[in-house]
Amino acid sequence: MPVDSSLGPQSHPPASVTSLWRLRSYLRPHVPALVIMLVTSMSGVVVAIAIPLVIKALIDGPIDEHRSSGILPLGLLVLGLGVLEALLIWWRRWVQNKAVLAVETAMRHDLYQRLQELPMSFHSQWQSGQLLSRATTDLSAIRRFFGFGMLFLLVNITQVVVTTLVLLHMYWPLGLVVAATSAPIVWLSMRFEKRYVVVSREVQDQQGDLATLAEEGAVGIRVIKSFGRSPHVGEQYDVAARRLLQTSVSKVRLSARFWTFLEMIPNLAVVVVLLLGAIGVGRGALTPVSWSRSSP
């Protein structure tokens, strides 16, 4: 059976971010777990930022002043903060795995139940491969977003803001560099997101088409052989596979360009921070320790 591209989800535009609001009912039973994940992540950010500050106080204080009595307490404090950060990461991941897997299980159960309730006319119009893709790939992507994407979006924004404020307090040119670096990253991410959504949707739809051809060919293998249509069906599968390969390569190239620039911009910021830090040390506005620890 040839794949009709006019059927299935390809006739609908990609969903917007507001569509995630419809999933709030699945998250509601796991609000305590989500709160724990958020609190532990934010606490981990605070601890990670506090460790360099304590090391700075240790070196600029007891070590620089040759006071051995203050080394042990600050050293133990740094060790304790490192252990605390590790425990927070472990706690977040332990809670996160149970919560997001439960959300995916509930969505998968409701999806299967709904598919069983729909009339046969629906299943005759929708491709079986597309339904399989939605029941596996889509739900897994939602699980990863709830477990990592949504959480680290808030965490990274908080970390950038807090780091910028700390650097502004220590030496304001460094804080301005970090703040200015965030602007091109945000612009690049927004531009990448618009193109990546389209390409990802094409890959997903083509995966569904390929799965449909494979499933229909496997089910009707006897009929296909009886009428001598094996070469025709094989050619259809080959064309769909090559089309999926080309789209997937385009997706990888787009992602590679994005990550190249995303890695390059912070590295350029490090160069500028090192330059301004050296100038600040020369002017006495920074100590060598605080300058080195403040580099991104």
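A: Helices here are DSSP runs (H or I, at least four residues), as strands are (E, at least two), and these elements are numbered from the N terminus. The structure is a predicted model, in which local features need pLDDT of at least 70 and side-chain atom pairs count only at pLDDT 80 or more, while totals for chains, interfaces and linings use all residues. Residues are numbered from 1 along each chain as its sequence is written, and side-chain values use heavy atoms, with hydrogens and water left out.

Q: What is a salt bridge, and how many salt bridges does the count come to?

A: A salt bridge is a side-chain nitrogen of Lys or Arg within 4 Å of a carboxyl oxygen of Asp or Glu. The count by this rule is 5 salt bridges. One of them joins the side chains of Arg114 and Glu117, at 4.0 Å from N to O.

Q: Where do Arg114 and Glu117 lie, and how many residues apart are they?

A: Both belong to helix α3, and because they are 3 residues apart, about one helical turn separates Arg114 from Glu117.

Q: How are the words "buried" and "exposed" to be read?

A: Buried means under 20% relative accessible area, exposed means over 50%, and partly exposed lies in between (1.4 Å probe, protein chains only). Arg114 is partly exposed, at 49%, whereas Glu117 is exposed, at 52%.

Q: Which side chain meets that of Glu104 at 2.5 Å, and is Glu104 buried or exposed?

A: The partner of Glu104 in this salt bridge is Arg108, at 2.5 Å from N to O. Both residues lie in helix α3 (residues 71-117), 4 residues apart, or about one turn of the helix. Glu104 is buried, with a relative accessible area of 8%. A network of salt bridges links Glu104, Arg108 and Arg143.

Q: Which residue of helix α8 lies 4 residues from Asp238?

A: That residue is Arg242, about one turn away in helix α8 (residues 230-283). The two side chains form a salt bridge of 3.0 Å, N to O. Asp238 is partly exposed, at 36%, and Arg242 is exposed, at 53%.

Q: How are two packed helices described, and at what angle do α6 and α8 pack?

A: Two packed helices are described by the angle between their axes and the distance between the axes. Helix α6 (residues 172-219) packs with α8 at about 170 degrees, the axes being 9 Å apart.

Technical notes
Axes are lines fitted to C-alpha atoms, for helices over the stretch in contact, and angles run from 0 to 180 degrees between N-to-C directions.
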